[in-house]
Amino acid sequence: MAWFKRELKGIITTTEEKKEAPDGIWNKCPNCKKPLHYSEQVENQYVCHYCGYHLRIGSKEYFSVLFDNNEFTELFADLTSGDPLHFEDTKKYTDRLTETQFKTGLKDAIRAGVGKIDGQDLVIACMDFNFIGGSMGSVVGEKIARSIDHSIANKIPFLMISKSGGARMMEAAFSLMQMAKTSAKLALLSQAKVPYISLLTDPTTGGVTASYAMLGDINIAEPGALIGFAGPRVIKETIKKDLPKGFQTAEFVQEHGFLDFIVDRREMKEKLASFLKMMAN
């Protein structure tokens with residue numbers, strides 16, 4: 001029984017003494033499948049150091065990557081969605097909101113903050129995919145609109161980080177109205193001659209792509225990000241043809257003229273800072 005007890009190898013830890021690794025310490029790269037330690041992810045700005053794959057992250061991580069010393073003032077933090085349609089599918093919309101807020105620690109699918117990037121003031125509105133697929137509801141539109149108002153009032157450039165599956169079905173027309181609302185606000189931002197930078201991350205789809213995500217003075221994306229309106233499967237079934245290789249990736253979209261730059265996340269802060277300096281001069 002020595003082979004079973006592993007005494008010859010010096011492994012005599014009892015079951016009660018065994019320790020499990022805490023959740024969140026290790027992650028697996030979805031692309032190359034290699035293990036990534038949390039400290040390595042933070043150090044490498046949530047990019048796989050083996051293959052360069054950009055891991056999906058939320059507003060908390062983007063703020064830490066972009067804002068100087070992760071110092072910022074959150075804007076309009078207490079806005080939450082109502083239930084104007086009394087929507088119910090497998091569960092009530094109000095219950096889904098409460099459950100998701102508890103699970104993610106977020107009020108809705110977007111957070112906004114104002115701080116400095118390389119010493120320059122910047123307002124950032126960043127979407128969170130973990131909150132109902134980053135869907136665009138009335139709160140998302142309202143926070144973007146108020147963030148733009150803040151940028152206009154203080155003459156501070158505005159950065160929008162999009163990560164969304166599209167409009168929020170539980171709010172129906174109220175959700176779709178945010179496309180026009182945010183686009184109109186961006187027109188006012190342009191009239192005020194305040195720079196608007198749009199950063200598209202994986203995934204940016206649906207009504208978000210059809211509105212504010214593509215309206216930047218400069219449109220930037222992360223490598224390999226999925227960017228499109230309808231999904232590839234829907235398009236393929238509609239046109240009854242095979243789609244080109246790499247269809248709807250950031251590289252494909254840039255090749256067809258819808259993006260200005262594709263920037264590695266590890267170089268993002270430097271690139272944004274240089275663009276802001278250029279616009280300021």
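1. C48 is found in the loop between α2 (38-43) and α3, where helices (H or I, at least four residues) and strands (E, at least two) are DSSP runs numbered from the N terminus. At 1% relative accessibility C48 is buried; buried means under 20% relative accessible area, exposed over 50%, and partly exposed in between (1.4 Å probe, protein chains only). Not counting residues up to four places away in sequence, C48 touches C29, C32, L36 and Y53, contact being heavy atoms within 4.5 Å.

2. This is a predicted model, in which local features need pLDDT of at least 70 and side-chain atom pairs count only at pLDDT 80 or more, while totals for chains, interfaces and linings use all residues. Residues are numbered from 1 along each chain as its sequence is written, and side-chain values use heavy atoms, with hydrogens and water left out.

3. The protein averages a pLDDT (the predictor's confidence in each residue, from 0 to 100) of 92, and 91% of the residues score at least 70. Confidence is lowest in helix α1 (residues 2-5), at a mean of 55, and highest in α5, at 98. Where pLDDT is low, the predicted coordinates should not be read in detail.

4. An unreviewed UniProt entry places a "binding site" at C29, C32, C48 and C51. These residues span 23 positions in sequence, yet no two of their C-alpha atoms are more than 8.8 Å apart, so they gather at one spot. UniProt positions are given in the numbering used here, feature names are shortened, and annotations may be inferred rather than shown by experiment.

5. C29 sits in the loop between β1 (26-28) and β2 (35-37) and is buried, at 0% relative accessibility. Leaving aside neighbours within four places in sequence, C29 is in contact with K34, L36, C48, C51 and Y53.

6. The unreviewed UniProt entry also gives "zinc finger region: C4-type" at residues 29-51. The end C-alpha atoms of that span lie 9 Å apart, and the span is 26% helix and 13% strand. The feature "domain: CoA carboxyltransferase N-terminal", likewise from an unreviewed entry, is placed at residues 25-281; its end C-alpha atoms lie 44 Å apart, with 38% helix and 19% strand.

7. The count of salt bridges comes to 17, a salt bridge being a side-chain nitrogen of Lys or Arg within 4 Å of a carboxyl oxygen of Asp or Glu. One of them pairs D68 with K269, the closest N and O atoms being 2.8 Å apart. This pair links distant parts of the chain: D68 is in the loop between α3 (59-66) and β3 (72-75), and K269 is in helix α10 (residues 265-280), 201 residues apart. D68 is buried at 18% relative accessibility, whereas K269 is partly exposed at 25%.

8. Within helix α5 (residues 138-154), R146 and E142 lie four residues apart, about one turn of the helix, and their side chains meet in a salt bridge (2.8 Å, N to O). R146 is partly exposed at 33%, and E142 is partly exposed at 23%.

9. K103 and E99 are also four residues apart, in helix α4 (residues 93-104), about one helical turn. Their salt bridge has an N to O distance of 3.9 Å, and a network of salt bridges links K91, E99 and K103. K103 is exposed at 64%; E99 is partly exposed at 36%.
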